[in-house]
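Visitor: I'm new to this one and would like a walk through it. Could you show it to me before we start?

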Amino acid sequence: MSEEKTDEIKPTKSISATRRLALAVAATALATAGLVGLLINVFEKKTEARNPFFRVVELNERTDDPAVWGRNFPLQYDGYRRTVDMQRTRWGGSEAMPHTPTARDSRTTVAQNRLQEDPNLVTMWNGYAFAVDFREERGHAFMLVDQETTQRQVVVRQPGSCLHCHASMWTAYNRLGNGDIFRGFEAVNHMPYAEARTHVQHPVSCIDCHDPATMALRVTRPAFIEGIRSFYASRGRPNFDPNRDATHQEMRSYVCGQCHVEYYFRGPDKRLTFPWSNGMRADDILAYYERDGHRDWTHRESGARVLKAQHPEFEMYNQGIHARAGVSCADCHMPYRREGALKISDHHIRSPLLNIANACQTCHRVSETELRDRAEAIQNRTHEMRDRAMGVLVELIHGIGAARTGGATDEQLAGARLEQMRAQFLLDFVEAENSSGFHAPGEAGRVLFLSIDHAHQGLRSLGARPSLVPLQTSAADAATSYSAADGGSAAMDASARD
Ligand code: HEC
Ligand code: HEC
Ligand code: HEC
Ligand code: HEC
Ligand code: HEC
């Protein structure tokens, strides 16, 4: 551009003029070079800050090893590797419990045992593999080994479909489907777990969320693509394709919704299915199963055909105030983190309560302690309601069991068993949701309320009178009540402002 300008200067014949001109040209050229250099520098800084992209290695659709991606993106890779950290919060995080390795299970640590923490879970899941082994979830680094080694693999022959959410699947689906991930998905679903396991090597990896050419976010899981399409179709928006139709902010939640969702294996093919064609709320999904007829197992004590709910974080989050305000999973679980001049997404995915400064204080300008207290107040309330709902459910299960032993017929028990199935699924939906109510407090309360109502109807149909649980002030009760004395009411005022 400035070179064109120097061309415009008319040459003169005088030597001194030529000299002057030469000097001027040199000066302009120098200045220009300086300016262009500066511009390039600023431009690089800007793109760097947005997307630090030092291509050390070429990435392609077959690169599933995160260590290779890590050579281009060391900061993100470093965060990703930190998902081995284990730290507990009041209701979340996880605790490293020592584990003696065996021939089958080489782990030296496992997360805490949830069945020991609450034996009512064993009553609820009686006859199902979950009653044998169920632990707190921990970081992404463990997803493959924890799935492989759970005792649930010993008591049941699990299908290849399990891997959809526990391994880097993109390259395997492509390879087995000759470039068609849906065909690859079907092939893996059909396989026994042990066979499917030989086709994968890593836990969820960079390639499962990113396009290797552009680093853009993408959804790679067939079950999510089918599930979200069925959800939008039921809302009058046919043929929704998340990779084409979702906003950037939606993608920041969809990549997580590929796995943190309720699911079941449909039909003899064991096709992994997200049951959303009737809506995403717990009762919408329950209605879907009632229509579809799918049940997970027969309860050993009561003989009821029942369902297990699993980790519906995406569904619950969608009913909450943060989703409504456009806050994504990544905003709280992968918040921006400064690294010198760079702003990067924290790939150390974990409980945001271990990272309140980055995860919450960007939006809520109150102290860390106050934010933790607010979150825990919601969680304590949810647990109080959950314990009540569990109490009535267990009473119903034992009631049906006793009636059965006493000679009641299947016909006489049908009504109570149906109500057990409903009460149990709704309670389990909140129980299995890993935020303890935080993602959608009002919704969690509503679902538990429905659960208690169904359990009461079940007891009534048995001819039993629901027992009145005496009111007592538990530690949880005390923790959920605000009082002006502990600064609670001031805190509530502050929350109305931020
Ligand atoms: C507004 C912030 C926020 C958003 C948005 C959010 N979460 Fe959370 N999430 C939390 C908090 C707070 C907890 C509770 C952590 C605890 O108890 O230690 C939590 C807990 C979890 C847990 C359990 C973590 C643990 O350590 O036990 C998972 C899994 C999870 N969220 C996944 C998701 C997914 C998936 C989405 C999006 C669909 C999402 N979250 C959206 C704040 C958020
Ligand atoms: C739709 C995705 C999805 C599928 C399919 C899936 N999981 Fe998971 N699994 C998750 C998520 C998300 C977590 C972490 C949240 C939690 O534990 O609630 C998890 C946690 C686990 C854990 C650790 C916590 C625990 O329960 O002890 C084990 C073990 C596990 N899954 C085994 C399996 C097995 C076996 C299968 C097949 C029957 C399976 N998973 C299928 C998504 C899935
Ligand atoms: C491929 C499936 C998959 C995807 C995609 C996925 N997760 Fe997970 N996530 C899991 C599984 C499985 C576990 C449990 C691993 C275990 O316990 O061994 C887990 C665990 C977690 C935990 C618990 C961590 C801890 O230290 O306790 C959080 C929080 C979480 N995921 C959030 C997210 C968020 C946010 C996203 C999206 C940015 C996401 N996950 C994407 C499958 C997935
Ligand atoms: C569970 C999904 C998930 C996985 C797995 C994942 N990322 Fe990301 N990554 C994200 C999200 C969400 C963002 C934010 C993107 C946005 O808002 O545009 C992001 C952003 C990035 C960016 C853009 C710069 C930044 O920090 O915001 C880079 C580079 C990146 N990731 C590299 C990696 C690498 C390398 C790996 C593997 C070691 C990886 N990611 C694994 C979800 C994931
Ligand atoms: C990107 C912005 C953003 C982030 C990050 C965020 N919040 Fe929020 N939060 C909001 C908005 C918006 C609301 C809705 C109320 C409002 O508009 O003021 C809200 C509401 C809340 C509420 C009231 C919930 C209810 O159901 O009434 C609590 C509690 C809360 N946030 C805690 C947290 C915590 C804890 C974190 C970190 C784990 C967090 N928030 C992260 C924006 C955010």
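Guide: Before the contacts come up, one term is needed: a polar contact is a pair of N or O atoms within 3.5 Å. Please also keep in mind that this is a predicted model.

Visitor: Okay, with that in hand, what lies 2.9 Å from an oxygen atom of ligand 2?

Guide: That is a polar side-chain atom of Asn 434. Another oxygen contact involves Arg 152, where an N or O atom in the side chain is 3.0 Å from an oxygen atom of ligand 2.

Visitor: And which residues come nearest to ligand 2?

Guide: There are 21 residues around ligand 2, and those that come nearest are Arg 135, Cys 162, Cys 165, His 166 and Asn 434. By class, this shell has 9 nonpolar, 8 polar and 4 charged residues.

Visitor: What about the iron atom of ligand 2, which protein donor does it have?

Guide: The only protein donor of that iron is His 166, through its NE2 atom at 2.1 Å. A polar side-chain atom of His 166 also lies 2.9 Å from a nitrogen atom of ligand 2.

Visitor: Where does His 166 lie?

Guide: His 166 lies in a loop, with α8 (152-155) on one side of that loop and α9 (170-176) on the other.

Visitor: Switching to ligand 1, which residues are closest there?

Guide: Ligand 1 is surrounded by 23 residues, of which Thr 89, Cys 329, Cys 332, His 333 and His 439 are the closest. At least two residues of the shell come from each of α16 (313-317) and α18 (329-333), and by class the shell divides into 8 nonpolar, 12 polar and 3 charged residues.

Visitor: Which polar contacts does it make?

Guide: A polar side-chain atom of Thr 89 lies 2.6 Å from an oxygen atom of ligand 1, while a polar backbone atom of Gly 93 is 2.8 Å from an oxygen atom of this ligand.

Visitor: Why does ligand 1 lie between domain 2 and domain 3?

Guide: Because domain 2 (66-359) and domain 3 (368-497) both give residues to the shell around ligand 1.

Visitor: New topic: how much space lies in the second largest pocket?

Guide: The second largest pocket holds about 430 Å³ of space. It is lined by 23 residues, and those closest to its centre are Trp 91, Arg 114, Glu 117, His 383 and Ser 436.

Visitor: Which helix gives the largest share of that lining?

Guide: The largest share of the lining of the second largest pocket comes from α20, with 5 residues. By class, the lining of that pocket has 4 nonpolar, 7 polar and 12 charged residues.

Note on methods: Residues are numbered from 1 along each chain as its sequence is written. Chains are lettered from A and ligands numbered from 1 in the order in which they are written. This is a predicted model: local features need pLDDT of at least 70, side-chain atom pairs count only at pLDDT 80 or more; totals for chains, interfaces and linings use all residues. Side-chain values use heavy atoms; hydrogens and water are left out. A residue is near a molecule or strand if one of its heavy atoms lies within 4 Å of it. A polar contact is a pair of N or O atoms within 3.5 Å; within protein, one must be able to donate a hydrogen and the other to accept it, and residues adjacent in sequence count only if both atoms are side-chain atoms. Ala, Val, Leu, Ile, Met, Phe, Trp, Tyr, Cys and Pro count as nonpolar, Asp, Glu, Lys and Arg as charged, and the others, Gly among them, as polar. Donors are N, O and S atoms within 2.8 Å of the metal (3.2 Å for Na, K and Ca); water is not among the atoms, so sites may look incomplete. Helices (H or I, at least four residues) and strands (E, at least two) are DSSP runs, numbered from the N terminus. On a 1 Å grid over the protein atoms alone, a cavity is a set of points where a 1.4 Å probe fits but cannot get out, and a pocket is an open set with protein on both sides within 12 Å along at least five of seven lines; lining residues have an atom within 4 Å of a point. Grid points are joined across faces, edges and corners, and a volume is the space filled by probe spheres set on the points. Domain bounds come from an automatic or database domain assignment.
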